Amino acid sequence: MTEIAQLVLNGIIAGTILAVPAIGITAIYAVLRFPNFAVSSIATMGAFAGYVANVSFGLPAAAAILVGFLLAGLVGVVSDEIVLKPIRRNGLLAAAIASVALTLALENVVRFFFGNDLRSYDLPIARDWRFLGLRIGPQQVENLAIALIAMAAVFLFLAFTRMGKAMRAVADNPMLADIKGINADTVARIVNFAGMGLAGIGGMLIGLDTSIDPLTGFRAILSIFAAAVLGGLGSVPGAVVGALTIGIAEELSLLILAPPYRSAVGFVAILLVLTLRPRGILGERAY
Amino acid sequence: MGLLSVAGVVAGYSAADEILKGVDLDVEAGEIVAIIGPNGAGKSTLLKTVAGLLRPKAGTIALGGQRIDGRPAREISTLGLAFVPQEANVFARMSVAENLEMGGYVDPRGAKHKIAALLERFPMLAEKRRQAARTLSGGQRQILAMAMALMVEPRILLLDEPSAGLSPVAAEQLFATIRAINREGVAIAMVEQNAHEALAIAHRAFILVDGRNSRSGAGAALAADPEVKRLFLGA
């Protein structure tokens, strides 16, 4: 029983972290209508930018993650402007495929600078806390807090700012948004910056839990994408629900599966959703 | 020189097709102009072209003497022309209040005041201000769409079949609202299937047939014309 409770607790933490990049990919999808798989390498880049800030410049993890956000957001905007935007004119499927190519290229940029080695953040060593027979590390709690703050910021931005509302308007009805004078290009740039920035935060949060290498984002992309699809691609609350479901399901799968098979959970979730309820758990609601 | 003058406009959805084959239209400040005609005559295409959603291949469009043809919709909307499309004319997943805010996106100054004034004017919208627009009935949605357009304090409102799909009672209310908006000095150009109602409230009307002007004149005169009666009013 305690084992299950521990797995659920781990799953909630993993799911909350997963929700951050899942919100990124789903928000970009909501506005631009294609799944941008470059999320995977841009998450890795965010993790490495945070690594440099943390290890080379001595910033604490919570500050370094802002550096990860900014760099990932910047790479997201620039790569979209140069690579994906011209291709989008030839169709969204072409853009989705191009984003796979883009992610391979960016992954190798990381490899060029940092090599293939595993790297770890410079974190204070701390003993796990114990309560009711469950264990939780202080770093896990900090990661959970960072993920929750990032999510709260997204919800406040979408609900209360002029740009957040404009973003939801473009996602809701692009033609009407154009008539009303909302500049779709500006909205696209901002959603790319914020969405990819969130991917960068996600990459670093995953790395803080374990270690990072050029495939950090790639290994997580299936779970991230599964979370977004499960909740309803294009729905921000859906991405949160989807991520928690995937996070908990992946942990609970350890009861019956060997750890290497854990990623099967994401595949199974995508298959089930696309077969039974293609619109996802919440259906598409822009925020 | 009228408020809106359209001369010899040719337009369509692709390079090959010409739905409008040289259409003229003029709207004076403060008047209601109805555009009627059979299906496929190009009425909606005309409004979309004026609003900047389609680029005319030939002809000129001027608003208050200033050429607007070929300019993008979002620029035209800042010049005092507001277009209300027939369908998908509200942001379905956003609240009524947010829809109004987005209606005035180009000019956020004083938006709070304008929203408050519109909610006071349309109590139904005030009641549902926090609800998502998709929960509104067809008639309520049309009212919201027009209120959104009023956020920019337009000189002219283009309405694409505002009464389409509405019950007779809802359509009646809608036409009353249109007339009230017009009395405040906003010119209205509206495409209508419901030619009866449209001619009843319009000062003037244009009849389009197959992408060309057929007849035009005072609304009452056209409504009394035997041929118009036979063709469009089912008499």
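Visitor: What covers the buried residues of helix 6 of chain A?
Guide: This is a predicted model, and in it the cover includes helix 1 (2-32), helix 5 (138-160), helix 7 and helix 8 (184-209) of chain A, along with helix 3 (96-103) of chain B.

Visitor: What makes you call helix 6 of chain A mostly covered?
Guide: Eight of its 11 residues are buried. To be buried, a residue needs 20 or more other C-beta atoms within 10 Å of its own. The residues of helix 6 of chain A that pass are A:Lys165, A:Ala166, A:Met167, A:Arg168, A:Ala169, A:Val170, A:Ala171 and A:Asp172.

Visitor: How do you know which residues of chain A touch chain B?
Guide: Contact means C-beta atoms within 7 Å. On that test, 17 residues of chain A are in contact with 20 residues of chain B. Helix 6 (162-172) and helix 7 (174-179) of chain A are the elements giving two or more residues to that side of chain A. Helix 6 gives the most, with six residues.

Visitor: How many residues on that side of chain A are nonpolar, and how many are charged?
Guide: Seven are nonpolar and seven charged, with three polar.

Visitor: Why is helix 10 of chain A described as largely enclosed?
Guide: Because 14 of its 17 residues are buried, the rest of the structure largely encloses it.

Visitor: And how do you know that the length of helix 10 of chain A agrees with what you'd expect?
Guide: At 1.5 Å a residue, helix 10 (residues 236-252) should span 24 Å. Its end C-alpha atoms are 24 Å apart, so the two values agree.

Visitor: What is in the largest nonpolar core?
Guide: That core has 172 residues, and those with the most contacts inside it are A:Ala19, A:Ile23, A:Val31, A:Ala227 and B:Leu158. Helix 1 of chain A supplies the largest share, 15 residues.

Visitor: Which residues is A:Val31 in contact with, leaving aside its neighbours within four places in sequence?
Guide: A:Met167, A:Val170, A:Ala171, A:Val187, A:Ala188 and A:Val191. Among the buried residues of helix 6 of chain A you've already met A:Met167, A:Val170 and A:Ala171.

Visitor: Over in chain B, what makes strand 1 and strand 2 a pair?
Guide: Pairing takes at least two bridges. Strand 1 (residues 4-11) and strand 2 (residues 20-27) of chain B have six, in the antiparallel sense, so they count as paired. For example, B:Val6 stands opposite B:Leu25 in strand 2.

Visitor: What about strand 1 and strand 4 of chain B?
Guide: Strand 1 and strand 4 (residues 58-63) of chain B pair over five bridges, in the antiparallel sense. There, B:Ser5 has B:Ala62 of strand 4 as its bridge partner.

How values were computed:
Residues numbered from 1 in each chain as written. Chains lettered and ligands numbered in written order. Predicted model: local features only at pLDDT ≥ 70, side-chain atom pairs only at ≥ 80, totals over all residues. Contact = placed C-beta atoms within 7 Å. Helix = DSSP H or I, 4+ residues; strand = E, 2+ residues; numbered from the N terminus. Nonpolar A, V, L, I, M, F, W, Y, C, P; charged D, E, K, R; others polar. Buried ≥ 20, exposed ≤ 12 C-beta atoms within 10 Å, placed from the backbone. Expected span 1.5 Å × (residues − 1). Core = buried A, V, L, I, M, F, W, Y, C linked by C-beta atoms within 7 Å.
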